[in-house]
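Here are my notes for a colleague opening this model for the first time. Keep the sequence and the 3D view side by side as you read.

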Amino acid sequence: MSLPRFFLDEQVIAQEADSEFSLRLAQDDLKHFKVLRLQPGEHIAVIDAASDYFECQITSVGAEVMVRIAQHESAPRKRPQVMLVQGLCKGDKMDDVIRHATELGVSAFLPLICERSVVKLDAKKTASRMQRWRSIAKSAAMQSGQPAIPQVLEPMKVSRAADALADCSAVLVCWEEERMLCLHDAITQALEQARIEAQDACIAVVVGPEGGLSEAEVECLRASNARSFAITLGESILRTETAGIVAPALVLYELGGLQ
């Protein structure tokens with residue numbers, strides 16, 4: 001059984017001088033700790049602000065959570081990086097996509113503002129959604145035992161997003177109008193062209209909103225990177241929230257990230 005996992009925002013455990021020390025959890029994490037009813041003697045996994053990995057034993061629980069280091073863990077094996085560039089979608093669909101894609105191992109999210117996006121965000125709504133999405137990503141990373149919390153970038157229009165994708169190993173644009181090029185073949189071509197191994201890849205997967213991507217947006221994204229491809233996910237036309245989970249899962253599988 002995997003240990004409950006906690007991320008520290010500021011504390012660097014290697015700097016602690018005493019063998020027993022207070023674990024400086026964020027308020028929401030402290031609440032989660034109490035919900036789990038963790039008791040002295042139990043062990044937890046901790047990733048500190050220096051991205052260092054520890055197994056800690058709880059020594060006391062009160063106003064503070066006191067722990068001692070049980071084991072200094074090795075960093076997890078290097079994994080391919082997958083960024084989901086997800087067209088803004090209605091209601092709670094974006095929440096679900098971020099939650100489930102984080103559980104799969106997606107390393108970053110870029111919410112995409114498209115011509116056909118139904119959702120319109122002003123500055124106040126953007127700030128509120130960003131806070132919620134980042135909280136969901138953190139919670140899902142803790143629950144699923146991810147080695148890091150995925151980055152959630154601010155929503156961008158397609159032209160700005162295209163600039164942000166220039167350095168990716170590949171950009172895969174999921175488009176219902178594409179009939180020939182499949183995800184497997186696009187990844188194979190990209191890795192060969194970039195001359196990199198799968199575990200070193202950083203691949204962006206683009207999924208449009210409910211109304212899909214326009215042809216102009218697809219062309220803009222294809223021009224963003226020398227290894228950018230419009231791909232098909234098969235004969236079925238998937239909902240945006242379905243494609244936002246299926247596509248990165250397939251990419252992670254192809255790259256060996258689900259082993």
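In which loop is the place of Leu121? Leu121 sits in the loop between β7 and α3 (123–144); point 3 comes back to this residue.

1. **What you are looking at.** This is a predicted model, in which local features need pLDDT of at least 70 and side-chain atom pairs count only at pLDDT 80 or more, while totals for chains, interfaces and linings use all residues. Residues are numbered from 1 along each chain as its sequence is written, and side-chain values use heavy atoms, with hydrogens and water left out.

2. **The overall picture.** The protein chain holds seven helices and 12 strands; helices (H or I, at least four residues) and strands (E, at least two) are DSSP runs, numbered from the N terminus. For 259 residues, a compact globule would have a radius of gyration near 18 Å, and the 20 Å of the protein chain agrees with that. This radius is taken over C-alpha atoms, and the globule rule is 2.2 Å times the number of residues to the power 0.38. The C-alpha trace spans about 60 × 40 × 30 Å along its principal axes. Of the 259 residues, 47% are buried, where buried means under 20% relative accessible area, exposed over 50%, and partly exposed in between (1.4 Å probe, protein chains only).

3. **Leu121 and its surroundings.** At 23% relative accessibility, Leu121 counts as partly exposed. Leaving aside neighbours within four places in sequence, Leu121 is in contact with Leu88, Thr126, Arg129, Trp133 and Pro155; contact means heavy atoms within 4.5 Å. Gly257 is another story: Leu121 and Gly257 are 136 residues apart in sequence and 33 Å apart in space, C-alpha to C-alpha.

4. **Strand β6 and its two partners.** Have a look at β6 (residues 81–87), which is mostly covered, with six of its seven residues buried. β6 pairs with β11 in the parallel sense over six bridges, and five bridges join β6 to β7 (residues 108–113), also in parallel. Two strands are taken to pair if DSSP finds at least two bridges between them. Leu84 makes a handy landmark here: Leu84 stands opposite Val205 in β11 and opposite Phe109 in β7.

5. **Strands β10 and β12.** These strands run parallel, and four bridges join β10 (residues 170–174) to β12. Leu172 has Phe229 in β12 as its bridge partner. Which way do the residues of β12 (residues 228–231) point? Ser228 and Ala230 point one way, Phe229 and Ile231 point the other way, and all are buried. In a regular strand the side chains alternate between the two faces of the sheet.

6. **Two residues with positive phi.** Most residues other than glycine have a negative phi. Ser51 has a phi near 60°, a positive value, and lies in the loop between β3 (43–47) and β4 (53–61). Arg195 has a phi near 55°, also positive, and is placed in the loop between α5 (183–194) and β11 (202–207). Is Arg195 buried or exposed? Arg195 counts as exposed because its relative accessibility is 77%.

7. **Separation along the chain and in space.** Thr188, in helix α5, counts as partly exposed at 33% relative accessibility. Thr188 and Glu254 are 66 residues apart in sequence and 9.1 Å apart in space, C-alpha to C-alpha. Ala17, in the loop between β1 (5–7) and β2 (20–22), is exposed, with a relative accessible area of 76%. Ala17 and Gln39 are 22 residues apart along the chain, and their C-alpha atoms are separated by 24 Å. Across the protein chain, 73% of contacts between residues at least 6 apart in sequence join residues at least 24 apart.

8. **Charges.** The protein chain carries 27 positive and 36 negative side chains, and the centres of the two sets lie 5 Å apart. Lys and Arg count as positive and Asp and Glu as negative, while His and the chain ends are not counted. The place of a charge is taken as NZ of Lys, CZ of Arg, CG of Asp or CD of Glu.
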